Amino acid sequence: GALKGSDVGVALLTPAVKKRKPNDPKPVGKGTMMLEDMRRRGVPVTPFHQRMAKMMDDMAADAHEPPLVQPGDASMAAPFTAKEASVMPCLDIIRQGRCTLVTTMQMFKILGLLSLSTAYSLSVLYLDGIKLGDMQATLAGVLTAGMFFFISNGKPLENICRDRPHPKIFSLYMFTSLMGQFFIHMTFLMHMQTTAHAIMSPEDRQEPGGDFKPNLVNTVCFLTNFAIQTMTFAVNYVGKPWTTSLSDNTMFALSVRWSVAMYVILSLDVFDGLNGWFSLVPLPRELKIKAIVLGAGAALACRFIEN
């Protein structure tokens with residue numbers, strides 16, 4: 001009945017009682033004490049008194065020993081089983097459950113945003129002759145895989161927050177956050193693409209079926225998509241009050257910082273050899289300023305929408 005009325009059942013297994021050593025004194029029950037008192041007073045002890053004393057000792061022993069539940073029986077009655085007699089495992093389940101829920105929700109949101117931007121890149125940008133080089137695709141893939149790995153290292157916090165995380169994927173919060181951030185991403189990408197088209201000469205434009213050749217539009221679109229990927233992970237990381245904050249998740253924080261530094265270095269063309277290695281062409285001064293300023297503005301706008 002209790003399990004039917006509860007949201008989650010937890011079976012608490014009482015730790016096994018330590019066996020008494022042979023040299024340990026045997027505990028004296030109330031029945032035995034009654035017989036000893038009768039003998040001291042000279043009252044004859046009959047078999048009826050002995051049977052009664054034994055029953056009293058057995059009842060006292062059963063009252064002090066907690067009922068032992070087998071792990072298999074407990075697992076059949078409840079989805080969670082803890083080998084402790086206290087209710088502390090219930091708090092652990094709440095902490096772990098909230099951390100798992102928050103991590104799952106933020107991964108679904110990140111996957112949704114990356115899928116929308118990838119769909120735009122594979123359709124509209126491809127028809128415009130925009131492609132990725134081998135090293136560009138490798139860098140984008142390593143960035144995505146590494147951040148997904150590090151973002152799952154979040155651990156539950158010791159203190160349980162009064163507020164609950166969002167429990168459903170299909171909710172107004174998820175829809176508003178996804179559509180709002182996607183609008184900011186597409187506005188940033190389309191503006192940079194249009195500006196690069198206006199600056200690049202028509203002879204450098206590529207056909208959709210042609211081979212990859214570095215040009216200004218390819219470089220701008222790759223850097224913009226790189227910035228969108230980085231801000232998607234950084235903005236949608238939930239952190240406190242349910243899981244580890246961004247600064248405390250060391251590896252994920254380092255990956256975000258290194259990605260931002262890489263974006264700034266590639267946009268400003270700090271090292272000529274590095275840009276050539278990734279098949280990037282130098283950006284005009286106007287595009288360099290726009291890449292940094294608009295990238296930071298897009299990240300702040302996405303953070304505002306998420307909050």
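**Notes on the model**

Analyst: Ala234 is partly exposed, at 22% relative accessible area. Buried means under 20%, exposed means over 50% and partly exposed is what falls in between, using a 1.4 Å probe and protein chains only. This is a predicted model, in which local features need pLDDT of at least 70 and side-chain atom pairs count only at pLDDT 80 or more, while totals for chains, interfaces and linings use all residues. Residues are numbered from 1 along each chain as its sequence is written, and side-chain values use heavy atoms, with hydrogens and water left out.

User: Where does Ala234 lie, and in which helix?

Analyst: Ala234 is part of helix α8. Helices (H or I, at least four residues) and strands (E, at least two) are DSSP runs numbered from the N terminus.

User: What is Ala234 in contact with, leaving aside neighbours within four places?

Analyst: Val256 and Arg303. Contact means heavy atoms within 4.5 Å. Ala253 is 19 residues from Ala234 in sequence, and their C-alpha atoms are 8.5 Å apart.

User: Back up a bit. How many helices and strands does the chain have?

Analyst: There are 11 helices and two strands, in the order α-β-α-α-α-β-α-α-α-α-α-α-α along the sequence. Of contacts between residues at least 6 apart in sequence, 83% join residues at least 24 apart.

User: What share of the residues is buried?

Analyst: 36% of the 307 residues in the chain. The accessible surface of the chain is about 19000 Å², and carbon and sulfur atoms account for 65% of that. These areas come from the Shrake-Rupley method with a 1.4 Å probe; for residues, only the protein chains shown count as cover.

User: How many residues are in the largest nonpolar core?

Analyst: It has 42 residues, and Phe188, Phe233 and Phe252 have the most contacts inside it. Such a core is a set of buried Ala, Val, Leu, Ile, Met, Phe, Trp, Tyr and Cys residues joined through side-chain atoms within 4.5 Å. Two or more residues each come from α5 (88-127), α6 (134-151), α7 (172-199), α8 (216-235), α9 and α11 (285-306). The most come from α8, which gives 12. In soluble globular proteins, nonpolar side chains tend to be buried together.

User: What does Phe252 touch?

Analyst: Setting aside residues up to four places away in sequence, Phe252 touches Met147, Phe150, Ile151, Phe233, Tyr237 and Leu246.

User: Next topic. How many aromatic pairs does the structure hold?

Analyst: Four. Rings of Phe, Tyr and Trp (its six-membered ring) pair if their centres lie within 6.5 Å; planes under 30 degrees apart are stacked, over 60 edge-to-face, and the rest tilted. One of the pairs is Phe149 with Phe150, edge-to-face at 5.6 Å centre to centre and 65° between the planes. Phe149 is exposed at 54% relative accessible area, whereas Phe150 counts as buried at 19%.

User: And salt bridges, how many?

Analyst: Three. A salt bridge here is a side-chain nitrogen of Lys or Arg within 4 Å of a carboxyl oxygen of Asp or Glu. Glu306 pairs with Lys109, with the closest N and O atoms 2.9 Å apart. Glu306 is in helix α11 and Lys109 in helix α5, so this pair ties together parts 197 residues apart in sequence. Both Glu306 and Lys109 are buried.

User: How far apart in helix α5 are Asp92 and Arg95?

Analyst: Three residues, which means about one helical turn lies between them. Their side chains meet in a salt bridge at 2.9 Å, N to O. Asp92 is partly exposed at 40% relative accessible area, while Arg95 counts as buried at 12%.

User: Which residue forms a salt bridge with Lys290?

Analyst: Glu286, with 3.7 Å between the closest N and O atoms. Both lie in helix α11, four residues apart, about one turn of the helix. Lys290 is partly exposed at 22% relative accessibility, and Glu286 is partly exposed at 43%.

User: Last one. Which residues form the nonpolar patch on the surface?

Analyst: Val260, Val264, Leu268, Val270 and Phe271, with about 390 Å² of accessible area together. Patches use residues with over 30% relative accessible area and no salt bridge, joining like charges within 9 Å and nonpolar side chains (Val, Leu, Ile, Met, Phe, Trp, Tyr) within 5 Å. Phe271 sits in the loop between α9 (250-268) and α10 (272-277), and is partly exposed at 46% relative accessible area.
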